[in-house]
Amino acid sequence: MLSHLGARISEVRTAEQLAEVDALVLPGGESTTIGRLLTLFGLFEPLQQRIRAGLPVFGSCAGMILLADEVVGGLTGQPVLGGIDMTVRRNAFGSQVESFEDDLDVEGLDLPLHAVFIRAPWVERAGDTVQVLARETGGHPVAVRQKNLLATAFHPELGGDDRLHRLFLDGLAR
């Protein structure tokens with residue numbers, strides 16, 4: 001999605017590669033596994049430091065969980081990078097079979113965005129400096145921004161709509 005919008009992309013698997021990027025996407029997947037792999041590959045602390053220093057990061061689904069300052073429903077001692085003053089409930093909508101799609105009104109976008117939720121989290125608490133961009137039907141925030149960080153509970157890359165990715169890239173130009 002980002003390369004389609006003209007961004008130069010590369011995979012980050014080492015601290016040296018992390019030092020070379022201007023922005024990062026934390027993808028969906030399994031948040032505890034991603035946290036373990038970040039630690040195993042020596043990326044956890046350098047990434048946490050880069051986030052604190054202002055690295056723009058877009059986290060979707062598991063990426064949202066990793067960017068939360070607090071996680072409910074996670075494993076005991078589950079590593080999170082933090083950075084967004086929010087509490088996220090892991091697997092808030094239920095198991096894999098409760099995955100669903102919905103059209104969301106997103107602040108900053110003129111038309112609804114088709115969102116794909118797969119075992120998704122939701123935001124239970126958003127701090128005063130967190131901008132809520134979208135809420136699901138039950139009212140829980142599912143897209144937020146705080147300073148250099150953007151996070152969604154859904155997978156915008158699966159909906160075929162590039163506007164949220166464009167919003168992230170446009171934020172880099174500021």
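Which residues are buried in α5? In this predicted model, they are R163, L164, H165, L167 and F168. These side of the story begins with the helix and leads on to the strands around it.

The buried residues of α5 pack against several strands, namely β1 (24-26), β2 (57-60), β6 (113-117), β8 (131-135), β9 (141-146) and β10. The helix itself lies across β1, β2, β8, β9 and β10, and α5 runs at about 155 degrees to β2.

Five strands form an open sheet in the order β1-β2-β10-β9-β8, and their pairing is mixed. At the edges are β1 and β8, each of which pairs on one side only. From one strand to the next, the twist averages 15 degrees. At the β1 end of this order, β1 and β2 are joined by three bridges in the parallel sense. Within this part of the sheet, V25 has F58 in β2 as its bridge partner.

Returning to the helix, the loop that leads from β10 (149-152) to α5 (163-172) contains D162. Is D162 buried or exposed? With a relative accessible area of 15%, D162 is buried, because the cut-off for a buried residue is under 20%. Leaving aside residues up to four places away in sequence, D162 touches M1, H4 and L5.

Notes:
Residues are numbered from 1 along each chain as its sequence is written. This is a predicted model: local features need pLDDT of at least 70, side-chain atom pairs count only at pLDDT 80 or more; totals for chains, interfaces and linings use all residues. Side-chain values use heavy atoms; hydrogens and water are left out. Helices (H or I, at least four residues) and strands (E, at least two) are DSSP runs, numbered from the N terminus. Buried means under 20% relative accessible area, exposed over 50%, partly exposed in between (1.4 Å probe, protein chains only). Contact means heavy atoms within 4.5 Å. Two strands pair if DSSP finds at least two bridges between them. Axes are lines fitted to C-alpha atoms, for helices over the stretch in contact, and angles run from 0 to 180 degrees between N-to-C directions.
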